Amino acid sequence: MPQSRTTTLGFPPGPAPLIGGATEQFLRRRAFWNRFAAYWLLAAASVSVFVTIGIVYVLFTESAPFFRVVSLKDFLTDTQWTPVFENARYGVMTLVSATVTVAGIALAVAIPAGLALAIYLSEYARPAVRETVKPLLELLEGVPTVVYGFFALLFVTPLLQTFIPGLAGFNMLAPGLVMGIMILPYTASVSEDAMRAVPMGLREAGYALGYSRFRVATRVVVPAALSGITAAFILGMSRAVGETMVVAIAAGQNPNFTFNPTEGAATITAYIVQMAMGDLPHGSIAYQSVFAAGMVLFLITLLFNLIGFYLRRRFREAY
Amino acid sequence: MSVESHVLGPEQRSFQALVAANRRTDVLMASVGILVLAVAAALLTAVMVDLISSGWPRLVNPDFYTSFPSRKPEQAGIISAMVGTSLVMLVTAFISIPLAVAAGIYLEEYAPKNWLTDIIEINVSNLAGVPSIIYGLLALGLFVYGFGLGETILTAGLVLALLILPVIIVATREAIRSIPKDLREAAYGLGADKWQTVSHYVLPAARPGILTGAIVGLARAIGEAAPVITIGALTFIAFLPPAPVQATPPFINFDWLMSPFTVMPIQLFNWVSRPQAAFHINAAATGVVLMVMTLLMNGLAIYIRFKLRQHQRS
């Protein structure tokens with residue numbers, strides 16, 4: 001089989017040996033296309049690497065001038081973020097506090113609900129139920145985030161205001177809750193995959209000891225799939241931190257150092273959107289501050305993604 | 001247990017209690033799972049009902065679909081947003097599908113096990129987790145200012161194409177992986193070389209799976225607002241880009257690629273951000289159109305996958 005004669009990059013070997021005449025011409029032409037295709041496919045696969053390099057390059061070069069003006073200490077410890085004011089302050093923790101609050105609320109919804117749903121789908125539901133539920137979850141995942149933002153601002157917030165009198169029109173609670181449901185399908189399906197990867201033998205051993213389904217699920221399956229489940233929640237956290245439109249619409253655009261969910265506050269992503277909506281002069285410090293904020297966001301999500309990726313790979317190799 | 005409880009000893013009675021308790025927790029757990037599902041389904045319904053009921057007055061007015069945005073909410077429409085979305089999607093599909101399919105083929109059929117392949121694989125899964133707004137910053141720094149493409153349809157199409165690349169790559173790989181090895185061996189046995197095998201046998205067999213991934217990816221791109229806002233797309237576009245086809249030779253023109261534009265999610269965002277409630281009606285109506293488009297596309301993808309699975313089973 002030709003596969004056994006591939007070179008280091010997986011390319012097929014060069015032209016076929018001489019035969020002569022039209023046949024040789026055909027074989028040469030065919031060999032040319034064979035090699036040409038292989039190079040072209042490698043080039044296409046490398047695009048993803050160039051995208052990553054491009055992201056890192058842009059974030060570094062565009063935010064480098066910013067860090068020449070603002071010291072890293074101010075950037076990380078100041079609690080004011082007012083880049084367009086006369087007396088500009090650049091404490092990114094102002095934006096991070098809102099990001100963490102909203103993501104925390106989202107996870108408080110998505111972790112227990114996602115775990116319960118995953119256990120139900122993997123250990124309790126009949127295959128027919130699972131087959132109908134999964135498409136429903138996919139549809140839920142496919143709803144555009146602007147629509148969720150609209151829903152959080154004009155449906156969930158007024159609804160919550162009837163229970164919580166002091167709730168501001170822009171608050172972090174409503175977008176947090178909506179975002180929790182938004183990432184639920186993702187966390188549930190990744191953790192369910194991890195649970196279904198647990199070998200049947202472990203469950204059967206549990207049943208042989210007289211365990212109930214619930215016990216098998218919580219004492220056998222969940223611990224065995226723990227790295228995969230953790231990966232699901234870390235990847236979900238990364239999504240919550242990077243989610244943009246829901247918070248930009250419903251959490252307000254006022255930088256505010258607070259962890260109080262009833263107040264409105266701009267997250268990192270909402271700040272980027274807000275600045276992009278205005279006309280930013282290219283090269284101004286406000287323009288650069290967008291990239292500095294983006295850099296923080298990128299580093300946070302990169303960290304989560306790498307941990308999640310590592311954990312996911314581990315559970316796949318375990319069984 | 002049909003044994004009467006008065007003849008049971010203390011251990012047996014506690015055993016019975018244990019069985020009953022176990023059954024209770026099982027029922028409880030299953031109900032919690034079903035409850036979560038019900039809440040999720042109720043939310044999807046609530047979103048739909050809320051949008052339709054709030055947007056109804058504009059939704060049933062045909063002028064809404066043929067008017068440009070306006071300062072007067074009752075005259076504003078989504079024609080420029082719909083045309084913008086269609087043209088941006090055209091660019092996105094033309095760039096992302098060939099690139100992602102080629103990358104998927106390389107990773108499944110060609111890539112040897114070495115560090116380069118590892119880097120590409122880790123990259124693809126990492127890119128899938130990069131927030132969409134970061135792609136927007138990439139486009140702002142590189143495409144808009146670096147390459148001087150400006151805030152155009154081409155820039156938006158490019159950035160959305162890069163954004164959905166991982167989605168289509170993963171779908172392509174899964175589709176190719178599910179093709180049995182026999183098919184390849186049969187092709188090789190007939191004397192086909194690698195490229196002939198891949199392009200004539202493997203790729204056609206994997207087509208439905210790839211199509212599913214492409215549809216899901218494009219549905220996601222249609223609903224994405226963040227990266228397009230970041231590149232500085234305008235919200236008030238009271239004209240249409242130049243038409244892609246014309247009556248005089250060469251019949252096709254590409255001027256529209258460099259035209260300013262708006263898309264539906266941005267139009268929605270703009271209207272929902274205004275304080276006047278009348279604009280919120282427009283936002284809701286736009287949301288319905290957007291939802292219908294993405295739900296139809298996702299539904300189509302689910303249907304194709306369902307048919308495919310039926311076909312594979314038989």
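**Contacts, nonpolar core and domains**

The model is predicted, with pLDDT of at least 70 required for local features and 80 or more for side-chain atom pairs, whereas totals for chains, interfaces and linings use all residues. Residues are numbered from 1 along each chain as its sequence is written, and chains are lettered from A in the order in which they are written.

Tyr106(B) also belongs, with Phe150(A) and Val178(A), to the residues with the most contacts inside the largest nonpolar core, which has 205 residues. Such a core is a set of buried Ala, Val, Leu, Ile, Met, Phe, Trp, Tyr and Cys residues joined through C-beta atoms within 7 Å; buried denotes 20 or more other C-beta atoms within 10 Å of a residue's own. Helix 3 (residues 93–124) of chain A supplies the largest share of this core, 20 residues, helices being DSSP runs (H or I, at least four residues) numbered from the N terminus.

Between the chains, the contact involves 76 residues from chain A and 73 residues from chain B. On the side of chain A, helix 1 (residues 21–69) contributes the largest share, 21 residues. This side comprises 52 nonpolar, 20 polar and 4 charged residues (nonpolar: Ala, Val, Leu, Ile, Met, Phe, Trp, Tyr, Cys and Pro; charged: Asp, Glu, Lys and Arg; polar: the others, Gly among them).

Within chain A, the domain assignment gives domain 1 (14–69) and domain 2 (93–318), with bounds from an automatic or database assignment. Their centres, taken over C-alpha atoms, are separated by 36 Å.

Definitions and conventions: Two residues are in contact if their C-beta atoms, placed from the backbone, lie within 7 Å. Helices (H or I, at least four residues) and strands (E, at least two) are DSSP runs, numbered from the N terminus. A residue is buried if 20 or more other C-beta atoms lie within 10 Å of its own, exposed if 12 or fewer, and partly exposed in between; C-beta atoms are placed from the backbone.
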